[in-house]
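Please keep the sequence and the structure in view while reading.

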Amino acid sequence: MLDDLDKELTRRGHRFCRYADDCNIYVRSRRAGERVMTSVSRFLTAKLRLTVNEAKSAVSRPEERKFLGSAPRMMGASGASRQKPSTNSRRRSGT
């Protein structure tokens, strides 16, 4: 069912990462993020008949959100990124 979402996001030219029912969509500005969030929520509700949990959904910078237990963070002026495990993940693993 969510394969239809993948196809729609690809058709629109969005960069995204989805695992099961968790999905991050990457855009260049907050305004674009708001617009995409509205249209994707409408697509999920109308076409796929799914509900979007508004409490867990947000438009924010990638490093401010956790995805699969980690948050990407930027490394200096080069713009390189690396994954940073969340505090809860580190606590569970004992590191």
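Along the sequence, the elements of the chain follow the order α-β-β-α-β-β-α. This amounts to 3 helices and 4 strands, where helices (H or I, at least four residues) and strands (E, at least two) are DSSP runs numbered from the N terminus. The model is a predicted one, in which local features need pLDDT of at least 70, side-chain atom pairs count only at pLDDT 80 or more, and totals for chains, interfaces and linings use all residues. Residues are numbered from 1 along each chain as its sequence is written, and side-chain values use heavy atoms, with hydrogens and water left out.

**Surface and contacts.** The accessible surface of the chain is about 7400 Å², and carbon and sulfur atoms hold 49% of it; such areas come from the Shrake-Rupley method with a 1.4 Å probe, and for residues only the protein chains shown count as cover. Of the 95 residues, 23% are buried (under 20% relative accessible area; exposed is over 50%, partly exposed in between). Contacts are heavy atoms within 4.5 Å. Among contacts between residues at least 6 apart in sequence, 31% join residues at least 24 apart.

**The core.** Which residues make up the largest nonpolar core? The 7 residues are Leu5, Leu9, Val36, Val40, Phe43, Leu44 and Leu48. Such a core is a set of buried Ala, Val, Leu, Ile, Met, Phe, Trp, Tyr and Cys residues joined through side-chain atoms within 4.5 Å. Two elements, α1 (3–12) and α2 (30–46), each give two or more residues to this core, and α2 provides the largest share, 4 residues. Leaving aside residues up to four places away in sequence, Leu9 touches His14, Phe16, Cys23, Ile25 and Val40.

**Helix packing.** The axes of α1 and α2 lie 11 Å apart, and the two helices pack at an angle of about 145°. Axes are lines fitted to C-alpha atoms, for helices over the stretch in contact, and angles run from 0 to 180 degrees between N-to-C directions. In this contact, Asp4, Leu5, Glu8, Leu9 and Arg12 of α1 meet Ser39, Val40, Phe43 and Leu44 of α2.

**Cysteines.** The whole structure has 0 disulfides, a disulfide being a pair of cysteine sulfur atoms within 2.5 Å.

| Cysteine | Relative accessibility | Class |
|---|---|---|
| Cys17 | 32% | partly exposed |
| Cys23 | 27% | partly exposed |

Note on methods: Buried < 20%, exposed > 50% of the residue type's maximum accessible area, 1.4 Å probe, protein only.
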